[in-house]
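Dear colleague,

Please find below the structure I promised to pass on.

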Amino acid sequence: LQRVNGNKHLYRQLLTDFAKKYSDVTEEIRTAILQNDLSEAKKIAHTLKGVAGNLSIDSVHSSAHELEAATNERQRGINYEQLLSNFDQALKPVVESIKSSIKESVETTTPQNAKIDFEKFKSILITIEELLKANNSDAENYLNELKNFKGSGFDEQLQQLEEFINNFDYENAQKPLQHMMEALNSQENKI
């Protein structure tokens, strides 16, 4: 948390992104090695070493460092399979722990069979829209409120919105936002 100035939300998001992006990285490195593309294997290991180091995931950082060093040496007789096995043994529990933590968080913040308050949902969308038009990063705070509306039927649009906001692409973030607003307005007109 110290590396992100105590911003728990940012750290959690970085861990979530890490688990999504690198859950199959062992196979990517293995494929590169089997194709004798050690420069690609080294690049992947180097990137992962940096990301794991920045997130203070020491076991993955250390294993990625060993892989990077081995691919850099280009010596005969290196047991890449053993290095990959050690790396995978460091990586898998971290990824599983992150995924489990995310799942538990969603389950505890989302009551089962909760009735969706679409008026509040729409009000938050309007606030986010105003913030996006003003290029205000506070939109991210309201996005977190929308995540509590699991089962709203907008999971895909919320994921797109989150990706755009996290990448500070406020212009494209308005597209999934508009889609949700139009769908909600359409529903209101039917009632």
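This is a predicted model: local features need pLDDT of at least 70, side-chain atom pairs count only at pLDDT 80 or more; totals for chains, interfaces and linings use all residues.

The largest nonpolar core comprises 29 residues. Those with the most contacts inside this core are Phe-18, Val-25, Ile-29, Leu-48, Ile-57, Val-60 and Phe-87. Two or more residues come from each of helix 1 (8-22), helix 2, helix 3 (38-54), helix 4 (58-73) and helix 5 (80-109). Helix 5 supplies the largest share, 9 residues. Beyond its neighbours within four places in sequence, Phe-87 is in contact with Val-25, Thr-26, Ile-29, Leu-48, Val-60, Ser-63, Ala-64 and Leu-67. Another core, of 19 residues, lies apart from the largest one; Leu-125, Leu-158, Met-180 and Met-181 are among its residues.

Ala-45 is located in helix 3. Its relative accessible area is 1%, so Ala-45 is buried, the cut-off being under 20%. With neighbours within four places in sequence left aside, Ala-45 is in contact with Ile-29, Ala-64, Leu-67 and Glu-68. Thr-26 is 19 residues from Ala-45 in sequence, and their C-alpha atoms are 9.3 Å apart.

Arg-30 belongs to helix 2 (residues 25-34). Arg-30 also counts as buried, because its relative accessibility is 17%. Again leaving aside neighbours within four places in sequence, Arg-30 is in contact with Glu-81 and Leu-84.

Yours sincerely

Terms used. Residues are numbered from 1 along each chain as its sequence is written. Side-chain values use heavy atoms; hydrogens and water are left out. Helices (H or I, at least four residues) and strands (E, at least two) are DSSP runs, numbered from the N terminus. Buried means under 20% relative accessible area, exposed over 50%, partly exposed in between (1.4 Å probe, protein chains only). Contact means heavy atoms within 4.5 Å. A nonpolar core is a set of buried Ala, Val, Leu, Ile, Met, Phe, Trp, Tyr and Cys residues joined through side-chain atoms within 4.5 Å.
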